[in-house]
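Colleague: I am new to this protein and would be grateful for a guided reading of its model. May I put some questions to you?

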Amino acid sequence: MTPVLRLDNLSRSFGGVFAVRDVSLAVPSGETRGLIGPNGAGKSTLFNLVAGLLRPDAGRVALEGDEVTRLPAHRRAAQGVAIVFQGARVFPGLTAVENVMVGAHTSARHGFLGAAIRSRRCRREEREIREAALAALERVGLAEWADVPAESLPLGQQRRAQLARALCARPRLLLLDEPAAGLRGAERAALAGVIDGLRGEGLTMMLVEHDVGFVSRLADRVTVLDLGAVIAEGTPDEVRRDPAVVAAYLGAPADPAAGSAAPGSAAPGSAAGGPAAPGAAAGGRAAQAAGAAAADGAGADSAREGDRDAGSA
Ligand SMILES: Nc1ncnc2c1ncn2[C@@H]1O[C@H](COP(=O)(O)OP(=O)(O)OP(=O)(O)O)[C@@H](O)[C@H]1O
């Protein structure tokens, strides 16, 4: 069967240095694919290439068999790609349901004139959009907060409202960039529960995360990047035991006997679920990973918006 997402030999460099190098992968329908790797591995760059926020130097992106390599993000959105951005915030001044309705408006049929004169068709469509938004809030467990100002919700619920907004566009592929960043304890567990529910519904997703424990709990398969290239792919258990993955995270040749050093050994959903195992080699990748876990949700949240050549098809 044609995969929902297929990448062929995708490369992108900045200033002559590869951020993503010759990456090929295929995500079949209904799969949740985790994308992990140490700091600077190329996860965000690959995410942006898939979303259409960056253009590749080489290679090909296909959605359900249709090549979209040169299509900008908004055209990919129209083809069914929805994105929850890293550190995304809700629109202030709008209720939770109004925030979610913004997602459904991308597929609204009425135009400016219809909206201005509030035609009957337009009013009906508006009602349908509100119903779809309420249904999306229900899916993420926020139905009872629908009419609350979105910015007054705790961060975890704001994140779920973002997810509802993406779902409202009825995506064929949902891209999640570090959805759990900055969330702790119960909020993180609640978000994991929602994503797990979507996975159960058969939604195709790509999940980029620093927290290997979080990804391991939720992904069917995991692709591991290091220095821009794929170094492993398999089930969460397979990649956690892969010597190349252990070496990439710990910055040292793997000792296959040292099972406890496998990345992601922290409890899924825990705040400390970062990639590096406690007591891992000092410095190098282990220090980077620990730093990432610590920064998770703070300054690290700010997406490199300025770096993206969005819409420059
Ligand atoms: N706009 C840019 N300009 C220059 N270099 C960039 C740019 N974006 C990414 N890079 C470089 O590309 C490499 C991959 O970066 P990327 O952000 O994709 O990795 P990452 O795995 O997402 O890292 P992190 O986990 O730290 O977010 C890094 O060496 C980074 O410095």
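Modeller: The answers below concern a predicted model.

Colleague: How many helices and strands does the protein have?

Modeller: The protein has 313 residues, of which 46% are buried. Of the contacts with a separation of 6 or more, 67% join residues 24 or more positions apart. The secondary structure comes to 11 helices and 10 strands.

Colleague: Into which domains is the protein divided, and which helix gives the largest share of the side of domain 1 that touches domain 2?

Modeller: The assignment gives domain 1 (1-80 + 171-251) and domain 2 (90-170). Their C-alpha centres lie 27 Å apart, and the contact takes 10 residues from domain 1 and 12 residues from domain 2. On the side of domain 1, the largest share is 4 residues, and these come from residues 185-200, helix α7.

Colleague: In the open sheet of 4 strands, which strands stand at the edges?

Modeller: The order of this sheet is β2-β1-β4-β5, and the pairing is antiparallel. A strand at the edge has a single partner, so one side of it is left without a neighbour in the sheet. The two strands in that position are β2 (17-27) and β5 (66-67).

Colleague: What angle does the direction of helix α1 make with that of β2?

Modeller: Helix α1 (residues 43-51) packs on the sheet, where it touches β1 (5-14), β2 and β4. Its direction and that of β2 make an angle of about 60 degrees.

Colleague: With which strands does β3 pair in the parallel sense?

Modeller: Strands of a sheet pair through backbone hydrogen bonds, either parallel or antiparallel. Arg33 stands opposite Met206 in β8, while Gly34 stands opposite Val222 in β9. Over 4 bridges, β3 pairs in the parallel sense with β8 (residues 205-208); over 4 bridges, it also pairs in that sense with β9.

Colleague: Is Ala219 buried or exposed?

Modeller: Ala219 is found in the loop between α8 (212-218) and β9 (221-226). Leaving out residues up to four places away in sequence, Ala219 touches Thr32, Arg33, Gly34, Leu207 and Pro236. A residue counts as buried if 20 or more other C-beta atoms lie within 10 Å of its own. Ala219 has 25 within that distance, so it is buried.

Colleague: How far apart in space are Ala219 and Asp196?

Modeller: Ala219 and Asp196 are 23 residues apart in sequence. From C-alpha to C-alpha, their separation in space is 8.8 Å.

Colleague: Within what arc do the buried residues of α5 fall?

Modeller: Helix α5 (residues 120-139) has 20 residues and reaches 29 Å from its first C-alpha to its last, close to the expected 28 Å. Its buried residues are Ile129, Ala132, Ala133, Ala136 and Leu137. Seen down the axis of α5, these residues line one face of the helix, because they fall within an arc of 140 degrees.

Colleague: Which exposed residues does the face of α5 turned away from its buried side carry?

Modeller: This face lies away from the buried side of α5. The exposed residues on it are Arg120, Arg124, Arg127 and Glu128.

Colleague: Which residue with a positive phi follows α10?

Modeller: In helix α10 (residues 243-250), the buried residues are Val245, Val246, Ala248, Tyr249 and Leu250. The helix is followed by a residue whose phi is positive, near 70 degrees, namely Gly251.

Note on methods
Residues are numbered from 1 along each chain as its sequence is written. This is a predicted model: local features need pLDDT of at least 70, side-chain atom pairs count only at pLDDT 80 or more; totals for chains, interfaces and linings use all residues. A residue is buried if 20 or more other C-beta atoms lie within 10 Å of its own, exposed if 12 or fewer, and partly exposed in between; C-beta atoms are placed from the backbone. Two residues are in contact if their C-beta atoms, placed from the backbone, lie within 7 Å. Two strands pair if DSSP finds at least two bridges between them. Axes are lines fitted to C-alpha atoms, for helices over the stretch in contact, and angles run from 0 to 180 degrees between N-to-C directions. The expected span of a helix is 1.5 Å times one less than its number of residues. The arc is that of the directions from the helix axis to the C-beta atoms. Domain bounds come from an automatic or database domain assignment.
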